[in-house]
Amino acid sequence: MPPFSSNGTNDESLPPICISGDTSNFRYTHKGGTPSAIRVARVISETVALNHSNVRYPHLYGSDGRIHACLAELGVSLTHEPGFHQMDFHGNVFGMLAAHPIRPLVSMHHMEAIDPIFPNMTTVKSLEHLYQAASFDPHRILQQTVCYDSWFSWTVSVSWGYVVQVFDRHVLLPNVQRVEESYAPWKKSHLGGLYDFDTKKYEIEPCRRHVVYFLDEVSSGTNGTKAIYKKKTSEECKFDMSSPRRLEEIRVLSNKLVLDKQQLLAPRRHCCDVLTSTWGNVMEIGIRECKEDELIYMQH
C-alpha cells in the first residue's frame with residue numbers, strides 16, 4: 001500500500017510508515033513451510049521498491065548489501081543455501097557445476113557474464129538443455145555421484161544432467177569433489193581467487209585432462225531414467241585400449257530422485273556402479289541409494 005502521510009513523529013528525516021499489501025489470497029501449498037515467508041518476502045520487496053533502504057544505507061553498493069541491511073532490521077537471519085549460486089565468476093564455470101554440493105539446485109545468477117555451459121550452444125540454448133534434463137528429475141540435476149571401475153582402475157564422476165568425467169586412474173573421493181578453477185574471478189584483486197570451497201588447478205591442455213562427456217539426451221520409461229553423455233569437443237590425443245578415451249558414449253541409468261524433508265535436512269550422496277553391460281566404446285553406469293554402511297572408495 002502507499003505510505004501514510006505521517007510517520008507518527010515530527011522528524012521528517014525518517015521514512016514514512018507503510019502497511020504491506022494483503023497476501024491472504026496467495027495460494028501457499030508447500031507442506032513443510034510457513035506462509036510467513038511470503039509476508040517477509042513481500043515486505044522486503046515493497047521496501048526495496050520504495051527505495052527506503054537508500055535513506056539509511058546510501059553507502060552500501062548494490063541491492064545485495066541493502067537487502068541484507070533491511071533483513072537485519074527486520075530481525076531475520078539469512079540461511080545459507082548451497083544450491084543457490086551467485087555465480088560471481090567470468091568465463092568457463094565447468095568446474096563449479098561439475099562438483100555441485102549435495103543439495104538441490106536452486107538458482108544460478110549472472111549467466112550473462114559466463115560462457116555457455118554446454119559446448120557448441122548459445123547461453124540460452126545451453127540453459128534450455130540443462131532445464132530439459134531437470135524436467136525429468138529436478139532433485140537430481142547436477143548431483144555428483146562417484147564410482148570406481150576396479151578392472152581398469154578408472155574413476156567416474158557423474159554430475160547428473162550436465163557432465164560425466166572419467167579419470168584414467170584412481171582418484172580419492174575428496175579430490176574428485178574439489179572444484180576445478182576453470183573460471184576467472186569476478187574482480188581482479190588479491191582477494192579475487194579466495195573461495196569458501198576447496199579448489200584445484202584446471203588443466204587447459206585437453207590431452208592432459210581427464211575425459212569429459214557432456215549431456216546429449218535424457219529419456220524415461222518404466223525402468224527409470226536414462227541419460228546419455230557424449231564427447232562434444234574435438235581432440236587428437238594418442239591412447240591405447242586401456243584408456244577411457246576409447247569410450248564414445250556414457251549411459252547413466254537411475255530412478256527419479258524424490259527427497260523428503262529428512263533427506264533435505266541430512267542429505268547423503270548416492271552411489272553408482274559400472275554395469276556389466278558396458279562394452280566396446282560404451283560405458284553404462286547405474287545410480288542407486290548407498291547401503292546403510294557403504295563406503296565410496298576403490299575396491300581391489
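**Note on salt bridges, backbone angles and aromatic pairs**

1. Arg 251 and Glu 249 form a salt bridge, with the closest N and O atoms 2.6 Å apart. A salt bridge here is a side-chain nitrogen of Lys or Arg within 4 Å of a carboxyl oxygen of Asp or Glu. Arg 251 has 22% relative accessibility and counts as partly exposed, while Glu 249, at 14%, counts as buried. Salt bridges with shared partners join Glu 249, Arg 251 and Glu 284 into one network. The cut-offs are these: buried means under 20% relative accessible area, exposed means over 50%, and partly exposed lies in between (1.4 Å probe, protein chains only).

2. A word on the basis of these values. This is a predicted model, in which local features need pLDDT of at least 70 and side-chain atom pairs count only at pLDDT 80 or more, while totals for chains, interfaces and linings use all residues. Residues are numbered from 1 along each chain as its sequence is written, and side-chain values use heavy atoms, with hydrogens and water left out.

3. How many salt bridges does a search of the whole structure find? The search finds 10 salt bridges. Among them is the bridge between the side chains of Arg 245 and Glu 235, at 2.8 Å from N to O. This pair links distant parts of the chain, 10 residues apart: Arg 245 and Glu 235 both lie in the loop between β11 (224-230) and β12 (249-254). Helices (H or I, at least four residues) and strands (E, at least two) are DSSP runs, numbered from the N terminus. Is Arg 245 buried or exposed? Arg 245 counts as buried because its relative accessibility is 7%. Glu 235, at 29%, counts as partly exposed.

4. Lys 125 forms a salt bridge with Glu 128, and the closest N and O atoms are 3.8 Å apart. Both residues lie in helix α5 (residues 123-134), 3 residues apart, which is about one turn of the helix. Glu 128 counts as partly exposed, with a relative accessibility of 45%.

5. Two residues deserve a look at the backbone. Asn 120 is not a glycine, yet its phi is positive, near 60°. Asn 120 lies in the loop between β3 (107-108) and α5 and counts as exposed, at 72% relative accessibility. Leu 142, also not a glycine, has a positive phi of about 70°. Leu 142 lies in the loop between α5 and β4 (144-149), and at 0% relative accessibility Leu 142 counts as buried.

6. The whole structure holds 8 aromatic pairs. One of them is the tilted pair of Phe 94 and Tyr 162, at 6.2 Å centre to centre with 45° between the planes. Phe 94 lies in helix α4 (residues 94-98) and Tyr 162 in the loop between β5 (154-159) and β6 (163-167), so the pair ties together parts that are 68 residues apart in sequence. Rings of Phe, Tyr and Trp (its six-membered ring) pair if their centres lie within 6.5 Å; planes under 30 degrees apart count as stacked, over 60 as edge-to-face and the rest as tilted. Phe 94 is buried, at 4% relative accessible area, and Tyr 162 is buried, at 1%.

7. Phe 94 also forms an edge-to-face pair with Phe 214, at 6.2 Å centre to centre and 65° between the planes. Phe 214 lies in strand β10 (residues 211-221) and Phe 94 in helix α4, so this pair ties together parts 120 residues apart in sequence. Both Phe 94 and Phe 214 are buried. Ring pairs link Phe 94, Phe 118, Tyr 162, Tyr 202 and Phe 214 into a cluster.
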